[in-house]
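Please view the sequence and the model together, and then read the points below.

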Amino acid sequence: MDSQLAKEKLAAAKQNYGREIRVFETTTSSQTSNEPTKDEEPDDFFEFTAEDYYRILATKKEDNFLKTRKIREAEEAARRSRITKAVIRVRFPDNHTLEATFHPSETMQSLVDLLMKVVAHPDLPFYIFTTPPKKQIKDMSQDFYAAGFTPGAIVYFAYDQPKGDGHITASGPFLKDDIMSLKGLELIPEEKPEVNQNTTTEPVAAAAPQPVQERKPTADKKMVKPKWLKM
């Protein structure tokens, strides 16, 4: 597909759904579930221990002592202002990934609203979660910046139904046909025309200034002695 057609399809999707959308397929080696892999740490590795608590508490006390509240708020506002978008990738059980761009101040509910428009079966209950460890996202009023989803994050999609209850929840399809038609589309930047070096004109050297000829007094002109000069 040429770049112009891909650009038109992506632009149409942005107009229909109100934001930039991309779809691509992840490799089978990518982790698409909460099952531990050989290189993955066990769940207890991520547990918050008492030692972690006291270490963080000591760090916060030191920060509070060195910085006033207004300074901390100003620094936080400066960090937040530098982040202008949150790129969220939603991975589905069939290894397809939906990528959408949000503003950091938008909430989790905006992501759920988008999923309701793009999934093939919006009538079925679903939920989104992060991993590891698996944690279901329940607070839909939290914005992406506060959730730590900036400048980007990966969440996972799952139907909220018992296992074995229908083949749709197990195999899909999970996305609508018009969304799947965006699979693999990329905005290819237009190539700039190359400048033919053979046809380029070399800068013309400036003409050298003509030498100024000095005026010499004529040899045949006699010197006249003024009358007032007495010898």
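This is a predicted model: local features need pLDDT of at least 70, side-chain atom pairs count only at pLDDT 80 or more; totals for chains, interfaces and linings use all residues.

Tyr127 has Ala158, a residue of strand 6, as its bridge partner. Strand 4 and strand 6 are paired in the antiparallel sense, over four bridges.

- Strands of a sheet are paired through backbone hydrogen bonds, in either a parallel or an antiparallel manner.

**The chain as a whole**

- Six helices and six strands are present in the protein chain.
- Read from the N terminus, these elements follow the pattern α-β-α-α-β-β-α-β-β-β-α-α.
- The protein chain has 231 residues, of which 26% are buried.
- Of the contacts between residues at least 6 apart in sequence, 71% join residues at least 24 apart.
- The accessible surface of the protein chain is about 18000 Å², and carbon and sulfur atoms account for 54% of this surface.

**The nonpolar core**

- The largest nonpolar core comprises 35 residues, and Ile88, Phe92, Leu111, Leu115, Val118 and Phe157 are those with the most contacts inside it.
- At least two residues of this core come from each of helix 1 (3–17), strand 1 (21–25), strand 2 (86–91), strand 3 (96–102), helix 4 (108–118), strand 4 (126–130) and strand 6 (152–159).
- Helix 4 supplies six residues, the largest share of this core.
- When residues up to four places away in sequence are not counted, Phe92 touches Leu98, Leu115, Val119, Phe157, Phe174 and Leu175.

**Two buried loop residues**

- Asn95 is placed in the loop between strand 2 and strand 3.
- The relative accessible area of Asn95 is 16%; this value is under 20%, and Asn95 therefore counts as buried.
- Asn95 and Phe24 are 71 residues apart along the chain, and their C-alpha atoms are separated by 8.7 Å.
- Asp143 belongs to the loop between strand 5 (135–136) and strand 6.
- Asp143 is likewise buried, because its relative accessibility is 15%, which is under the limit of 20%.
- The backbone nitrogen of Ala146 is reached by the side chain of Asp143 at 2.6 Å.
- Neighbours within four places in sequence aside, Asp143 is in contact with Arg80, Pro104, Ser105, Glu106 and Thr107.

Conventions
Residues are numbered from 1 along each chain as its sequence is written. Side-chain values use heavy atoms; hydrogens and water are left out. A nonpolar core is a set of buried Ala, Val, Leu, Ile, Met, Phe, Trp, Tyr and Cys residues joined through side-chain atoms within 4.5 Å. Buried means under 20% relative accessible area, exposed over 50%, partly exposed in between (1.4 Å probe, protein chains only). Contact means heavy atoms within 4.5 Å. A polar contact is a pair of N or O atoms within 3.5 Å; within protein, one must be able to donate a hydrogen and the other to accept it, and residues adjacent in sequence count only if both atoms are side-chain atoms. Two strands pair if DSSP finds at least two bridges between them. Accessible areas come from the Shrake-Rupley method with a 1.4 Å probe; for residues, only the protein chains shown count as cover.
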